[in-house]
Every structure is written in structure tokens, then in C-alpha cells.
Amino acid sequence: MTSPGATSTGTRREHDLLGDRDVPADAYYGVQTLRANENFHITGVQLQHFPRMIEALAQVKRAAARANHRLGALDDERFAVIDRACEEIIGGALHEHFIVDMIQGGAGTSTNMNANEVIANRALEILGHQKGQYDRLHPNNHVNLGQSTNDVYPTAIRLTIMLSFPALAEAMDHLISTLRAKGEEFSSVLKMGRTQLQDAVPMTVGQEFHAWATTIEEDVQRLTRTATLFQEINLGATAIGTGITSDPRYAAMATAELAELTGVPFVVSADLVEATSDTGAFVTFSGILKRIAVKISKICNDLRLLSSGPRAGLHEIKLPAVQPGSSIMPGKVNPVIPEVVNQVAYEVIGNDLSVTFAAEGGQLQLNVFEPVIAFNILESTQIMTRAMNTLADRCVAGITLNEEVLEDYLHRSIGVVTALVPVIGYAAATEVAEEALATGRPVRDLVLERGLLDEARLAGLLSPASMTSPHRATATGTIPALDEEPGPAAAPEQPDSGEMALPPTERLDF
């Protein structure tokens, strides 16, 4: 039989609890990773798909090695090569040897052992030994010293999220700034606002874009605040939180080392037994991702609706044409960017449900379903980051307006009559609206014809400034000028009839 570590016909023989197996000679992973790769053909998404997760695992192993070295549990030579191997992996080396499926049985043991074996074999190589010669440096005895999957794996997931979410926040900021820029560009263009898909009251296109930016901006702050929950870790808890097999000083020391290595202010949980089984932080963070997804999807719904047509829809805005839309209909261009972002949102919403069920499914001192929690949160973060950038760069940045359509909708809408209610009253405004709806005549013509307002006063009330911002309407049917400061409530000022009017070139007739 070939001795452990020796190569024969391109393989090396390794041994574990279940017996001997041949591992590819050039593989840095070992027998436990090999078995996991055979057992878990689930998603087809391997650990190497998430480089930040590999980096996080190596950082945790590096912090553990440093703590164990300081405590005298790991000798100088082994510490030096483990530390160097981890440093190389953090720098991007050997990621192709992290081959386990993201969703796996065993509460993440396969992921932890994949890291232990790659680090051990690279460390052996640095020492001048062959891969698999674990009598010199062992994946469990040395790389996993004082640790358990049950404290390493959740700590690595938390660090991965801390390393990953800034890219999502940056992508959100990019989309926000792109929407804000469009809001400024379209700030003077009037349109009809709609509620329940029916004409409501006028607004500016800029107000619509600014509102989309604001709703995303709120959640950048929520995302950042929620991520701080992951600063509390259970490193040093080992199997169930009691710290068995670890030095009493190890938890605090390893956590401090990890904080120094990563720049993340990690702290040891006050109750390591609770922290080892609790997944509440993941539920909260996933909920924020879902909230963002819902908002982004709603914005994409709006974009698709507002650009619908072009001849038989709303067609208020024009999305940039990025590809032909049909294999059978010539000239058709579809809103493919909002469509793909909608689908990303649906995936994130579904991922959140998976996280919720997995967190609820934990039992006693451990939640064995953390792999599916990690996979779904990391996937959601990754695809949302890409979706935000795609939406900003390949859609929002290129949006233009169909101003003729916008003006026509305003001209034909009865929604503008709402602006007259404080002056002519609800009943009179309703009669005007009914006649406009029945005859198709403009509200403006009917108001003048009925003698409800003179032309100058009507122009002021129907000016863009009056219809798209608050003013001091009163119960007596008077309306002050927009540029006046509020007077005493008991004595409202009566503005001159021309104060509300804008120059003729800035008016629209309704």
C-alpha cells in the first residue's frame, strides 16, 4: 500500500474515519473535501464562486493560528507556514481548490475541512514536504487547533457579509446618484401623477425620479446599520459554546486578532452558547435585502409601465434600446434591463424565505442549516449588487422623455381640476370634471366659460409652481401667493390675482 503523502499514478493516498481514498496528487484539498465533493452535487455553485468567503475562512484560520501561537499551543515553525499559507489564500491563491458545494450537510463541516486541508497542504509544501504528509502538519491538529466548525463557520459567514455588503451599498449609491441626476435634468417637465393607475394630479418628472432615489437611499443606511450585528461573533465557542478544547484566553485573543487583521471591530459574544445556535442577525439582514429588492422591483415596474408602447402605451419615457426585442416582430424593443432586475428581486425575495425557514429550523445548541443561510444571503448580496449597477448604467442613465406625450396627457387630463378646489370648491370642481370627462373639452375652457375664475387667476392656479408644491389654501376660498410668508391664521392675506402667474412661455394651457 502506498504510504500517506506519497504519489502513485497521479494520486496520493489519504486516510480518514471511513478509510483510505486516493486524492489527485496536485490537489491541495484532501480526503474529507473529496468525499464532500462526491456527496453534495446540489447547486453546482462551489465555494470558489464566493472569493470573499474563502478570504474570510483564511482570515479566521490566520487569527486562530496567531492566538494559538501567542498561547504557546502552536510552535514557531508550524505557525509561520500556516500564517503564510493563509496570507496567500487571502491574496487570491489556490481558490480553485475550494470545491465543496455551497449547500451541504454537516453544518458547514465540509467547508471548514476544505479550508483546513488546503491550508495544511500549502503549509507542508512551504516546509518542503509532500502534500498529504499530515504527520508533519495536520489539518485538524494544527490548522483547526482550538476550533470547531461550529464557531469557525458562522464567524466566517459574518466576516464574508461584512466584506461583501459595502459593494452593494456602493452600487446603491451609484443608482441613487444616477436617479438624482435624471431628477435634476427633468425637474421642470410636468406630467400627470397617477394613483390606482388613474389620473391624479400634476407633478414634475424630476419629482418622480427624486422619489425613486430617496426610497433607495433610506435603505443604504439600514443596510449599514444592520451589518453591525455581525460584529458579535462566537469564535472560541468550539462545539456548542462551552469552549471545550480551547484555552480559556483563546476566545478573546482570537477575536482581537481577527479584528486587527480585518479592520472589523469584532467582539466576543457575551453568551457563547446562545451565539452558537442563534441566527437572528442573518434573518434581520436578509430582511433588509428583501426590502431593497421589493423597492427596486417596484421602480422597475414603473419604468416598464411608463415606457410601454411606444404607440399603444403610456410612452412617457424612453428607455435606451440595448438589444432587439423579438425573433418574429420587426422593430420591437423590450425593457430587458428592468425585466432582469425584476427577476433578481424575485430571487432575493425567495432567498429571504429560505433564510427564514432555515433559521427557524435550528435545534438545540446548533443550527445545521447555516450553509443554505450563507448561500442565499451571499447570492442575494452578489446579484443585487450587479443588478443595481446594470440598472443604473444600462437603463436609467440613458432615459429620455417624450415631452409631446407628457404635455398631451396633461392637456387632456381632468386631474388638474384638483388645483382649483380650494378656490371654487369641491362641488363646482366636480361639475367641471364631469363635463370635461364627458365632452373631452379642457378644464381651463370650462372654468372660464362658467365664469368661475378670470383668466389671470386661473393661470396662476394652473401654473407649474402651484400644482406641484404646497400652498396656503384656505377654507374661505382664497389662496395666497407662493412667495409670501404665512401670515396670522386669523387674517389670511389676499394676493393680487396675477401673483400666481408665471411668464407666458412657462405656462401650459389646460
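Buried residues, defined by under 20% relative accessible area with a 1.4 Å probe and protein chains only, account for 51% of the 510 residues in the protein chain. The model is a predicted one, in which local features need pLDDT of at least 70 and side-chain atom pairs count only at pLDDT 80 or more, whereas totals for chains, interfaces and linings use all residues. Residues are numbered from 1 along each chain as its sequence is written, and side-chain values use heavy atoms, with hydrogens and water left out.

The C-alpha trace of the protein chain spans about 105 × 60 × 35 Å along its principal axes. Its radius of gyration, taken over C-alpha atoms, is 32 Å, while a compact globule of 510 residues would have a value near 24 Å, according to the rule of 2.2 Å times the number of residues to the power 0.38.

The secondary structure comprises 18 helices and 9 strands, which are DSSP runs (H or I, at least four residues, for helices; E, at least two, for strands) numbered from the N terminus. Helix α10 (residues 280-306) packs with helix α7 (residues 205-227) at an angle of about 170°, their axes lying 9 Å apart, where axes are lines fitted to C-alpha atoms over the stretch in contact and angles run from 0 to 180 degrees between N-to-C directions. The two helices α7 and α10 are therefore roughly antiparallel, a term applied to angles over 145 degrees. The axes of α10 and helix α11 (residues 336-360) come within 8 Å and cross at roughly 155°, so that α10 and α11 are likewise roughly antiparallel to each other.

Notes
Parallel < 35°, antiparallel > 145°, perpendicular 65-115°, else oblique. Buried < 20%, exposed > 50% of the residue type's maximum accessible area, 1.4 Å probe, protein only.
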